[in-house]
Amino acid sequence: MGSPVLNFRQIQAFRTVMLSGSMTQAAKELHTSQPHVSRVIGELERRIGLKLFDRHSGKLIPTLEGQVFFRDVEHTFAGMRSLEDAAAAIRRRGAGRLRLASVPSMAIAVVPEAINVFAQQYPDVDVTLQVTDSLTVCQWVASGYADVGVASEIFNATGVESELLQRNVGVLIAPLDHRLARRRKTITPRDLVGEKFLSLKSSDIARKQIDDACLIDGEERRILAYESHFAAAICHMVSRGMGVSIANPLVAKSYADRVAIRPFTPRIEFSTHLVYPLNSPVNMLAKSFAVGLRGCCD
């Protein structure tokens, strides 16, 4: 048979008796009765095969074995306090690193703001941000390569679960000296006839929405001059006078001093999703980052 297993109740009772000097006082501190404490100490002595206390003239005196055993007990409790301190430090500062994956538009516009908020709360945590398309964001989160992702679209059967973070209505952006910049009315597809238009890549979920919305009597009347995978690059090219575009307002606002931003109809939606691993607990750092990201979007 193996050695008898001690339990915390016995060790706690012994330690309290040693520190208080009596079973009566220990019982008060442990919110129990003196006979109960005496019984627990007796169980402990039988389990470890040592006599821990003697009684002399009504006083409880630790034996030499009891004193030696108490030193080891104190070492154990010191280790437990150290674990408590470590847990408190993790709660305050977090531990390890946070690995993020994001689509380019959010990596330019909002995610850096959220990282800044996160860093103020967890200054000792390393943050890694990888920028890629929505499909890869989902794949990285599913495989554990990223702790949390920010995507424009969620793909089925990727081993992730998601939360719709925000749904924004697209706006028209134009150079500051462009004729549409002077328009105060909502811009429509007919206003874009003959205009050089900067498009997202054909693989982007918003591209089809925009192209379908801009057809006039089933015909394309814009001049599709340039395209880019990066919404920020499109905003920059618009600011350089290279054409007009329709953008997520979260991205466009970062260029508000360089491009004119106007409402556009019909409605074009840009969705942003938080992506988590499926059937896996979300770690504390990822949760804290998500809170900050929601705040930045709001």
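In which strand does Ser 245 lie? The legends below take up this residue, a helix and a domain interface in a predicted model.

Close-up 1. Ser 245 belongs to strand E10, which covers residues 245-247. This serine has a relative accessible area of 2% and is therefore classed as buried, the cut-off for that class being under 20%. The side chain of Ser 245 reaches the backbone oxygen of Leu 198 at a distance of 2.7 Å. When neighbours within four places in sequence are set aside, Ser 245 is in contact with Val 171, Leu 172 and Ile 173, with Phe 197 and Leu 198, and with Ile 234 and Val 238.

**Close-up 2. Helix H1 and the residues at its two ends.** Helix H1 comprises 13 residues, 8-20. At the start of the helix, a side-chain oxygen of Asn 7 comes to within 3.2 Å of the backbone nitrogen of Arg 9. The buried residues of H1 are Gln 10, Ile 11, Ala 13, Phe 14, Arg 15, Thr 16, Val 17 and Met 18. Gly 21 follows H1 and has a positive phi, near 90°.

**Close-up 3. Domain 2 and domain 3 within the protein chain.** The domain assignment divides the chain into domain 1 (1-93), domain 2 (95-166 + 272-297) and domain 3 (171-267). The contact between domain 2 and domain 3 takes 14 residues from domain 2 and ten residues from domain 3. The C-alpha centres of these two domains lie 28 Å apart.

**Close-up 4. The interface of domain 2 and domain 3.** The size of an interface is often given as the accessible area lost when the parts come together. Between domain 2 and domain 3 the buried area is about 880 Å², and carbon and sulfur atoms give 70% of this area. Across the interface, the rule finds zero salt bridges and zero residue pairs in polar contact, where both residues must be at pLDDT 80 or more. On the side of domain 2 that touches domain 3, the elements giving two or more residues are helix H5 (104-109) and helix H11 (284-297). H5 provides the largest share of that side, five residues.

Key. Residues numbered from 1 in each chain as written. Heavy atoms only, no water. Helix = DSSP H or I, 4+ residues; strand = E, 2+ residues; numbered from the N terminus. Expected span 1.5 Å × (residues − 1). Buried < 20%, exposed > 50% of the residue type's maximum accessible area, 1.4 Å probe, protein only. Polar contact = N/O pair within 3.5 Å; in protein donor to acceptor, adjacent residues only side chain to side chain. Contact = heavy atoms within 4.5 Å. Domains from an automatic or database assignment. Buried area = accessible area lost by both parts, 1.4 Å probe. Salt bridge = Lys/Arg side-chain N within 4 Å of Asp/Glu carboxyl O.
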